[in-house]
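Q: Please walk me through the structure shown here. How do I read its main features?

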Amino acid sequence: MKLIFATQNIGKAKEVKAIFANTSIDIISLYDLGNNIDIEEHGKTFSENAFIKAQTVYDIYREPVAADDSGLSIDQLDGRPGVYSARYAGVNCTYEDNNLKVINELKALSEPHKAKFISCAVFYDGKNKIEAFGELHGKIILEQRGMHGFGYDPIFIPDGYNQTISEMDFEEKNKISHRAQSFNLLKEKLLDL
Ligand code: IMP
């Protein structure tokens with residue numbers, strides 16, 4: 001089955017393609033399709049936003065779609081940046097702007113700065129909607145470390161590790177990440193259909 005993954009994020013697409021490698025499901029991202037549609041994420045939850053993306057892309061291609069909405073939730077910031085993770089430091093901000101904003105907000109607060117990444121993955125084919133969730137717990141550090149990954153990876157250390165996600169290689173991240181968890185679950189549900 002061809003499955004369009006509703007993302008232009010190359011990092012996300014690489015992670016999800018690796019999860020579906022060696023299955024009968026062939027992942028094609030919006031980036032691969034040369035589609036740079038800007039989908040307005042007006043939902044209040046990761047689940048709502050994931051479905052908005054899936055439905056919007058389904059309406060264009062009329063083919064099975066997978067989408068995810070994900071983000072970082074920091075305990076001391078009452079769950080922020082949450083569903084606003086992508087544009088936390090403002091419209092058109094960079095990943096670094098977001099990281100520096102988080103560091104700035106946490107620097108006066110006591111350690112540890114507990115946080116979690118959350119991912120909601122959804123499949124939609126115009127009839128069936130299947131959802132799966134994943135969470136990765138850890139803490140935020142007040143400096144950016146590492147070169148790999150994207151987003152908040154340079155400031156997030158998963159529980160049980162000393163490295164930020166950006167200091168891990170791709171395979172290590174894709175064993176433990178929130179997105180790996182949600183998409184591995186989604187994969188099982190789809191292969192069971
Ligand atoms: P989305 O593309 O609307 O799901 O936005 C997700 C945002 O959350 C990204 O732009 C990142 O800032 C952050 N995020 C989600 N997943 C990850 C991850 O695996 N590592 C680091 N940041 C992430």
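Q: What does K173 form with E15?
A: Side chains of opposite charge can pair when their charged atoms come close. A salt bridge here is a side-chain nitrogen of Lys or Arg within 4 Å of a carboxyl oxygen of Asp or Glu. K173 and E15 make such a bridge, with the closest N and O atoms 2.8 Å apart. The model is predicted: local features need pLDDT of at least 70, side-chain atom pairs count only at pLDDT 80 or more, and totals for chains, interfaces and linings use all residues. Residues are numbered from 1 along each chain as its sequence is written, and side-chain values use heavy atoms, with hydrogens and water left out.

Q: Where do K173 and E15 lie in the chain?
A: Helices (H or I, at least four residues) and strands (E, at least two) are DSSP runs, numbered from the N terminus. K173 sits in helix α4 (residues 170-176), and E15 in helix α1 (residues 10-20). The pair links distant parts of the chain, 158 residues apart.

Q: Is K173 buried or exposed?
A: Buried means under 20% relative accessible area, exposed over 50%, partly exposed in between (1.4 Å probe, protein chains only). K173 has 5% relative accessibility, so it counts as buried. E15 is buried too, at 3%.

Q: Which other residue meets K173 in a salt bridge?
A: That residue is D153, at 2.9 Å, N to O. D153 lies in the loop between β5 and β6 and K173 in helix α4, so the bridge ties together parts that are 20 residues apart in sequence. D153 counts as buried, at 2% relative accessibility. Salt bridges that share partners join K12, E15, D68, D153, K173 and R179 into one network.

Q: With which residue does R145 form a salt bridge?
A: With E167; the closest N and O atoms are 3.2 Å apart. R145 is in the loop between β5 (129-140) and β6 (156-158), while E167 is in the loop between β6 and α4. They are 22 residues apart. R145 is partly exposed at 24% relative accessibility, and E167 is partly exposed at 31%.

Q: How many salt bridges are there?
A: The count comes to 15.

Q: What span should helix α5 have?
A: The expected span of a helix is 1.5 Å times one less than its number of residues. Helix α5 (residues 178-191) has 14 residues, so it should span 20 Å. Its end C-alpha atoms are 20 Å apart, which agrees.

Q: What caps the N-terminal end of α5?
A: A polar contact is a pair of N or O atoms within 3.5 Å; within protein, one must be able to donate a hydrogen and the other to accept it, and residues adjacent in sequence count only if both atoms are side-chain atoms. The cap is S177, with a side-chain oxygen 3.3 Å from the backbone nitrogen of R179.

Q: Which residues of α5 are buried?
A: They are H178, R179, A180, S182, F183, L186, K187 and L190.

Q: Which residues come nearest to the ligand?
A: A residue is near a molecule or strand if one of its heavy atoms lies within 4 Å of it. Of the 17 residues around the ligand, K12, D153, K173, H178 and R179 come nearest. A polar side-chain atom of R179 lies 2.6 Å from a ligand nitrogen atom. For E41, a polar side-chain atom is 3.1 Å from an oxygen atom of the ligand.
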